[in-house]
Amino acid sequence: VNVNSAELHTFYTNQQANYRIPERVQVAYVKFEATNYLAEANQKMAGETNLNQQIEATYAAQGPNAFKDANNQPLSAEAAKEKMREDVRRSYSLTEARKKAIEFANELIELPPATNNLANLAAAKGILSKVTEPFSDESLPPDLKVPEVFVRAAFQLTPAEPIYDQPIVAEDG
């Protein structure tokens with residue numbers, strides 16, 4: 001191979017966009033784990049006197065083939081109903097986690113602007129604050145199971161507006 005330095009320079013100059021590292025950000029966040037609110041979800045489920053009837057009606061309306069296992073095989077009636085109960089429990093725990101996140105966000109917004117408000121308020125409340133690994137606008141943070149809205153929100157943050165004040169509901173919190 002005969003390498004001509006002028007041609008090599010021209011090639012990389014013309015291909016510069018392909019070698020650009022995209023803008024990346026890191027986000028400080030607090031996560032309200034849904035599993036931390038299972039007790040509240042259990043209480044809410046216990047307070048619903050017609051939950052079993054709702055589950056029975058849903059199962060009857062959708063039929064046995066609507067509920068599949070990991071191998072895409074229909075679940076037994078009892079397994080399908082248990083799955084529905086778990087889905088209700090998960091939904092209630094996510095709702096409770098979201099309520100707590102909104103309360104936290106409201107308190108955070110009321111604080112005077114400062115760099116470490118999130119970490120300080122989280123520590124005062126006994127909540128762990130974390131920082132994501134750097135990520136671009138074309139990828140999700142590698143350490144979180146979050147929806148795309150997280151990435152869009154992260155890239156909307158500025159030094160003047162460093163807080164996204166709406167909770168982002170993920171799979172687990």
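The largest pocket is lined by 48 residues, and nearest its centre lie Ala 28, Tyr 29, Leu 118, Ile 163 and Tyr 164. A pocket here is an open set of points on a 1 Å grid over the protein atoms alone, where a 1.4 Å probe fits, with protein on both sides within 12 Å along at least five of seven lines; lining residues have an atom within 4 Å of a point. The model is predicted: local features need pLDDT of at least 70 and side-chain atom pairs pLDDT 80 or more, while totals for chains, interfaces and linings use all residues. Residues are numbered from 1 along each chain as its sequence is written, and side-chain values use heavy atoms, without hydrogens and water.

The volume of the largest pocket is about 1,200 Å³, taken as the space filled by probe spheres set on the points, which are joined across faces, edges and corners. Its lining divides by class as follows.

| Class | Lining residues |
|---|---|
| Nonpolar (Ala, Val, Leu, Ile, Met, Phe, Trp, Tyr, Cys, Pro) | 35 residues |
| Polar (the others, Gly among them) | eight residues |

The α4 and α5 axes come within 10 Å and cross at roughly 125 degrees. Axes are lines fitted to C-alpha atoms over the stretch in contact, with angles from 0 to 180 degrees between N-to-C directions. Phe 104, Glu 107 and Leu 108 of α4 make the contact with Asn 117, Leu 118, Leu 121 and Ala 122 of α5, where contact means heavy atoms within 4.5 Å.

Definitions and conventions
Helices (H or I, at least four residues) and strands (E, at least two) are DSSP runs, numbered from the N terminus.
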